[in-house]
Amino acid sequence: MTTTADPILSYLTDMDGVLVHENHMVPGADKFLAELRSNDIPFLVLTNNSIYTARDLQARLKHTGLEIPIESIWTSALATATFLNEQRPGGTAYVVGESGLTTALHEIGYVLTDSDPDYVVLGETRTYSFEAITTAIRLIAAGARFIATNPDATGPSREGILPATGSVAALITRATGKEPYYVGKPNPLMMRSALRRIGAHSQSSVMIGDRMDTDIISGMEAGMRTVLVTTGISSRATMEQYPYRPTLILDSVAELVGHTRDPLSLLG
């Protein structure tokens with residue numbers, strides 16, 4: 001069981017709303033990451049977005065001023081590939097998604113096919129096609145297992161919200177009667193796979209996020225201490241709507257600079 005006496009040896013942190021916001025670096029995020037590196041504290045940057053590869057995201061983060069190694073980025077696509085590799089190594093899948101997901105599945109040796117696949121894997125894309133969704137529905141109805149990278153119902157765009165993986169999954173579920181297994185947040189499975197990737201343990205790790213309904217609950221259910229920052233979705237006011245609470249709430253990750261070994265000292 002996690003106690004306040006357990007030292008902090010590693011960090012998981014959400015990306016959007018914590019380190020970057022609307023394609024700009026959150027002030028102080030670079031100093032926070034620099035302190036983790038200088039103190040040799042392992043960390044992973046997490047995102048439910050399955051569109052991009054880790055290399056794509058590294059380039060995006062570099063453009064904001066954040067230098068993050070590819071191996072320190074963990075996406076729902078990578079978590080999904082890891083899960084499938086553990087469940088059915090060398091399997092087959094029909095994928096509705098972008099390069100972040102297809103690349104992750106290719107790298108574990110999966111064959112992508114629309115001919116009697118083991119799984120239908122639904123990820124996020126900006127161009128969901130009716131044809132691809134129809135194929136997914138028919139394959140699931142024929143017996144393929146239904147996996148989705150994350151349950152987010154909407155995503156942002158400059159013109160407003162867009163339907164995301166969760167919304168399309170609901171459409172497929174309505175047509176087939178089959179619910180998907182979601183791998184990404186708030187499933188704590190994504191936290192546990194991330195911890196395994198850096199050889200960390202939940203009792204000595206912290207999850208930093210900006211959303212109570214994904215980051216904080218998944219971190220809590222994975223046994224980690226949690227830090228909510230208010231630079232993204234959730235605020236101090238909306239936090240009160242939930243029956244659970246983060247271990248610590250801060251205005252931004254900048255407040256952790258100088259306290260990465262003992263963030264609970266900020267509780268005062």
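This briefing walks through the cores, strands and ring contacts of one protein model. The model is predicted, so to speak of local features we need pLDDT of at least 70, side-chain atom pairs count only at pLDDT 80 or more, and totals for chains, interfaces and linings use all residues. Residues are numbered from 1 along each chain as its sequence is written, and side-chain values use heavy atoms, with hydrogens and water left out.

**The nonpolar cores**

- Buried means under 20% relative accessible area, exposed means over 50%, and partly exposed is in between (1.4 Å probe, protein chains only).
- In soluble globular proteins, nonpolar side chains tend to be buried together.
- The largest nonpolar core here has 29 residues, and the ones touching the most other members are Leu12, Leu46, Trp74, Leu84, Leu105, Val121 and Met191.
- Two or more residues each come from β4 (43–47), α3 (76–87), β6 (92–96), α4 (99–107), β8 (119–122) and α7 (188–197). Helices (H or I, at least four residues) and strands (E, at least two) are DSSP runs, numbered from the N terminus.
- The top contributor to this core is α3, with 6 residues.
- Another core lies apart from this one; it has 28 residues, including Ala29, Ile41, Val253 and Leu256.
- Take Leu105 as an example: leaving out residues up to four places away in sequence, Leu105 touches Ala81, Leu84, Val95, Tyr110, Leu112 and Val121. Contact means heavy atoms within 4.5 Å.

**The open sheet around β6**

- Strands of a sheet pair through backbone hydrogen bonds, either parallel or antiparallel. Two strands count as paired if DSSP finds at least two bridges between them.
- An open sheet is built from 5 strands in the order β7-β6-β8-β9-β12, with parallel pairing.
- The edges are β7 (111–112) and β12 (181–182), each with a single partner strand, so one side of each has no neighbour in the sheet.
- β6 and β7 run parallel and are joined by 2 bridges. Thr92 has Val111 in β7 as its bridge partner, while Ala93 stands opposite Leu112 in β7.
- For β6, 5 of the 5 residues are buried, so this strand is largely enclosed by the rest of the structure. Thr92, Tyr94 and Val96 cover one side, Ala93 and Val95 the other, and all are buried.
- Helix α4 lies across β6, β7 and β8, and runs at about 170 degrees to β6. Axes are lines fitted to C-alpha atoms, for helices over the stretch in contact, and angles run from 0 to 180 degrees between N-to-C directions.

- β1 runs parallel to strand β13 (residues 205–209), joined by 4 bridges, and Leu12 has Met207 in β13 as its bridge partner.
- β1 also pairs with β4 in the parallel sense over 4 bridges, with Tyr11 opposite Phe43 in β4.

**Rings and a charge**

- The whole structure has 4 aromatic pairs. Rings of Phe, Tyr and Trp (its six-membered ring) pair if their centres lie within 6.5 Å; planes under 30 degrees apart count as stacked, over 60 as edge-to-face and the rest as tilted.
- Tyr11 and Phe32 have ring centres 5.7 Å apart and planes at 85 degrees, so their pair is edge-to-face.
- Tyr11 is in strand β1 and Phe32 is in helix α1 (residues 29–38), so this pair ties together parts 21 residues apart in sequence. Both Tyr11 and Phe32 are buried.
- Tyr242 and Tyr244 have ring centres 5.5 Å apart and planes at 50 degrees, so that pair is tilted. Tyr242 is partly exposed, at 27% relative accessible area, whereas Tyr244 is buried, at 13%.
- The charged end of Arg145 sits over the ring of Tyr119, 5.9 Å from its centre. That label needs NZ of Lys or CZ of Arg within 6 Å of the ring centre and within 35 degrees of the ring normal.

Methods. Core = buried A, V, L, I, M, F, W, Y, C linked by side-chain atoms within 4.5 Å.
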